[in-house]
Amino acid sequence: MVLVTEKLHAGYGDIAVLRGVNFRVAEGEILGVLGRNGMGKTTLIRALSGLLPASSGTIQLDGDDITHLPPHLRAQRGITTVMQGRGIFPHLTVWENLEMGRIAAGGNKRSRLDEIMSYFPRLGERLGQAAGSLSGGEQQMLAIGRGLMTHPKILLLDEPSDGIMPLLVQQIASILVEINREEKMTIIIVEQNVPMVFTLTNHCIILERGCVVAEGTRDEISDSEVIKEYLAI
């Protein structure tokens, strides 16, 4: 499943944020989207998921134009989003949160609970626990697990390391690599945590003021002056 954007523009009212974004991510690939705060990373995720309409340009999925599809129809096409802040239901149990993901997928899709538990054993130990009582890292695991319950083909992740202790960031990164390898799942990850992205993928783009200012492999990005200019590293 190939996702392509061409000259994608989006914003909020009269405020333009994305300014002609072009990229291509192949089936089974992990794309890292880097950039400082306010450069359009979250807006890109919202535009890809359908939560924010494009003002111009196109989003294509396997050659089909999905630019104007609403979020639920994109979800039916296999696009699942885990937004920054995780968005769990704090008063529901871990199991109930995961079940909400399965229900949201629609149809009679089978439960992936056993697979989710194999990726995130911590969740298996806390199935009956209120989700709001979990640590930040465990809540992020739950949000990703709930997303996986929808049987996604493309997983969009917005700042999954936000507010999580470094040890759990490394653990979540390793699990995402495992999911990608085992399921050939396409992942687009938006992050400020450059080391985390570099452990996940060899293909990155950098956004600056809503434009793609660099694209390349991990080595190309890290060895260039671009990373110092646009990521202040």
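User: Is Cys211 buried, exposed or partly exposed, and what is its relative accessible area?
Analyst: In this predicted model, Cys211 is partly exposed, with a relative accessible area of 27%.

User: And how far away is the nearest cysteine sulfur?
Analyst: It is 18 Å away, in Cys204. Cys211 is in no disulfide.

User: How many disulfides in the whole structure?
Analyst: The search finds 0.

User: OK, salt bridges. How many?
Analyst: The search of the whole structure finds 9.

User: What does Glu208 pair with?
Analyst: Arg36. The closest N and O atoms are 2.7 Å apart. Glu208 sits in strand 9 and Arg36 in the loop between strand 3 and helix 1, so the pair ties together parts 172 residues apart in sequence.

User: Glu208, buried or exposed?
Analyst: Glu208 is buried, at 11% relative accessible area. Arg36 counts as partly exposed, at 32%.

User: What about Lys41, which residue does it bridge to?
Analyst: Glu159, with the closest N and O atoms 3.7 Å apart. Lys41 is in helix 1 and Glu159 in the loop between strand 7 and helix 7, so this pair joins parts 118 residues apart in sequence. Both residues are buried.

User: What does Arg112 meet in a salt bridge?
Analyst: The side chain of Glu115, at 2.8 Å, N to O. Arg112 is buried, with a relative accessible area of 4%. Glu115 is partly exposed, at 25%.

User: Which residues form a network of salt bridges?
Analyst: Arg122, Glu125, Arg126 and Glu138 are linked that way.

User: Switching to the largest nonpolar core. Which residues touch the most other members?
Analyst: Phe120 and Leu148, out of 34 residues in that core. Helix 7 gives the most to this core, with 7 residues.

User: What does Phe120 touch?
Analyst: Leaving out residues up to four places away in sequence, Phe120 touches Met141, Ile144, Gly145, Leu148 and Ile175. Another core lies apart, with 25 residues, including Leu48 and Ile188.

User: Last one, helix 3. Which residues are buried?
Analyst: Val94, Asn97, Leu98, Glu99 and Gly101. Their cover includes helix 4, helix 5 and helix 6.

User: What follows helix 3?
Analyst: Gly106, whose phi is positive, near 75°.

How values were computed:
Residues are numbered from 1 along each chain as its sequence is written. This is a predicted model: local features need pLDDT of at least 70, side-chain atom pairs count only at pLDDT 80 or more; totals for chains, interfaces and linings use all residues. Side-chain values use heavy atoms; hydrogens and water are left out. A nonpolar core is a set of buried Ala, Val, Leu, Ile, Met, Phe, Trp, Tyr and Cys residues joined through side-chain atoms within 4.5 Å. Buried means under 20% relative accessible area, exposed over 50%, partly exposed in between (1.4 Å probe, protein chains only). Helices (H or I, at least four residues) and strands (E, at least two) are DSSP runs, numbered from the N terminus. Contact means heavy atoms within 4.5 Å. A disulfide is a pair of cysteine sulfur atoms within 2.5 Å. A salt bridge is a side-chain nitrogen of Lys or Arg within 4 Å of a carboxyl oxygen of Asp or Glu.
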